[in-house]
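This briefing goes through one protein model by topic. Please look at the sequence and the structure first, then read the notes below them.

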Amino acid sequence: MRVPLILLAACSTALLTAGPAAAAPWGPLAPPNPYLGPLGTSTMHGDAGSSDATPLAGPGADAPVSAYPLASACPTLLEGSDHLVVALCTAIAGQAPVVQLIDPASPGPIGSSLAALPLAKGSLLGGVYAYLDNDDKLAVVDGGNRLLRVGHARDATGKWRLTSEQVADLSGVIPVGDNVTGLVPDWAGNIWFASGKGVVGLVAPSGAAVTVTLPADEQVANSISAAPSGRIAVATTHALYELRADSSGRPEVLWRAAYERGSARKPGQLSWGTGSTPTYFGPKTGADYLTIVDNADGQVNALVFRSGTGQLVCSQPVLTKGGAGSENSPIGIGRSLFVASTYGYPYPAVPAGAGPAVPPTAPFTGGMTRVDVDDNGCHTVWENTVRSAAVPHLSTADGAVYTVTRLGAEITTPLDGYAFTAVDPDTGAVTASSPLPGTIVDDPLQTSPLITQGRQVLQGTVTGILRIG
């Protein structure tokens, strides 16, 4: 998932209805990473393995909606153990990243955050991916390729302040003109990173940075993921990789698996290749398998690999009832994965170097697919035509897949509306859907929501954040 920017303004409020009661059990999730904050809320995709599954429950019925009009697009929403939300946003004016501190328990609409801290501007994706560590500090790489930890505390007057400290200077290992895209800690305390131009490295607890460079024509356009085994997953525009730290603490490639990247970028995707942040999932450890969705012409496929060996478990066609293309990380949990279509989604901008879309535009038909893995490979459980406009998340607490859907005709317009929607993961049926405020000014742009520890959903939009509950 990535988020382009657009100059828009204004928000409003409404009521919504949340998902169903608890259904069949789901799991397991991989064990929590000791260097991350709370499970489910410390990374954009919930955890180190990018499962997009959470042990937290969503909001109840008729939950109110409030708006945080921050004049920023806010793709990264993270909640620490103190229940404060740290948002990594990109300001509309100047398109520079800014960290916002928000109290999701504050009643009613809120016009400003508790505190804000601008960061040095870099590439578009350099202002997207970050995580909260086990001290509730935001780990982020700024536009100067400095790895920072951003903390928050009250000053002597009781006012909240955001402060940053430098962990490492990566400018010596990241080429000029390149910026870090993905960032994740492993279970040994190393902080792994990947740059847009294919530099993959780690920062050891000592602060030393070491790297390996992937083939020159391969770009990294999504975030990266980690497993308890110490393995790191990186998807480029050509192939999926698994790496680890070798005996001397340097990154080494365990395996590389090329995938079908198609003949061009598809409309509704932001790079020519997979749109997936690679997802770890599995029935034994929660990280037995690794999955992405390819970019094959005509029909895309969910690819499932065995972690550690790179063995292809299966290639299963997905999104056959909707648009054949996905910019979003799949949900992965137990033996199941869920893929949502973004084909034809009207992004207002794409990153530099993404290349032209073929065709240039297409209707946004939507569609979701559930695929299960068994001893004989993979099979499709269900498909639907839900027009998901955000990264779906599965709550294991209440047995619902939550997302925001786009309302209107398949040929999108700025007047389209949105709805908070719950999908039954067993059947693919929509179980609840209630309108959200606004039109284009509240477009979630396929960003990832946050299900909080207080049973709220925070959804980033092009102009700020909507709070549901």
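The second largest pocket has a volume of about 230 Å³. A pocket is an open set of points on a 1 Å grid over the protein atoms alone, with protein on both sides within 12 Å along at least five of seven lines. Grid points are joined across faces, edges and corners, and a volume is the space filled by probe spheres set on the points. The model is predicted: local features need pLDDT of at least 70, side-chain atom pairs count only at pLDDT 80 or more, and totals for chains, interfaces and linings use all residues. Residues are numbered from 1 along each chain as its sequence is written, and side-chain values use heavy atoms, with hydrogens and water left out.

- Ala, Val, Leu, Ile, Met, Phe, Trp, Tyr, Cys and Pro count as nonpolar, Asp, Glu, Lys and Arg as charged, and the others, Gly among them, as polar.

**Cavities**

- The structure holds 4 cavities of 30 Å³ or more, a cavity being a set of points where a 1.4 Å probe fits but cannot get out.
- The largest cavity contains about 110 Å³ of space.
- Among the 13 residues that line the largest cavity, Thr43, Met44, Leu183, Ser223 and Ile224 are the closest to its centre.
- The lining of the largest cavity has 8 nonpolar, 4 polar and 1 charged residues.

**The chain as a whole**

- Along the principal axes, the C-alpha atoms of the protein chain fill a box of roughly 60 × 55 × 40 Å.
- Of the chain's 469 residues, 62% count as buried, that is, under 20% relative accessible area with a 1.4 Å probe and protein chains only.

**Sheet E12-E13-E14-E15**

- Four strands form an open sheet in the order E12-E13-E14-E15, with antiparallel pairing; two strands pair if DSSP finds at least two bridges between them.
- Strand E12 (180–185) and strand E15 (209–213) are the edge strands, and each pairs on one side only.
- Strand E13 (residues 191–195) and strand E14 (residues 199–203) run antiparallel and are joined by 4 bridges.
- Ala194 has Val200 in E14 as its bridge partner.

**Sheet E8-E9-E10-E11**

- A further open sheet of 4 strands has the order E8-E9-E10-E11, with antiparallel pairing.
- Strand E8 (131–132) and strand E11 (160–169) each have a single partner strand, so one side of each is left without a neighbour in the sheet.
- E8 and strand E9 (residues 138–141) run antiparallel, joined by 2 bridges, and Tyr131 has Ala139 in E9 as its bridge partner.

**Strand E3**

- In strand E3 (residues 63–69), 5 of the 7 residues are buried.
- E3 pairs with strand E34 (residues 464–468) in the antiparallel sense over 5 bridges, and Tyr68 has Ile465 in E34 as its bridge partner.

**Thr274**

- Thr274 lies in the loop between strand E19 (251–258) and strand E20 (279–281).
- Thr274 counts as buried because its relative accessible area is 2%.
- The side chain of Thr274 reaches the backbone nitrogen of Ser276 at 3.0 Å.

Key. Buried < 20%, exposed > 50% of the residue type's maximum accessible area, 1.4 Å probe, protein only. Polar contact = N/O pair within 3.5 Å; in protein donor to acceptor, adjacent residues only side chain to side chain.
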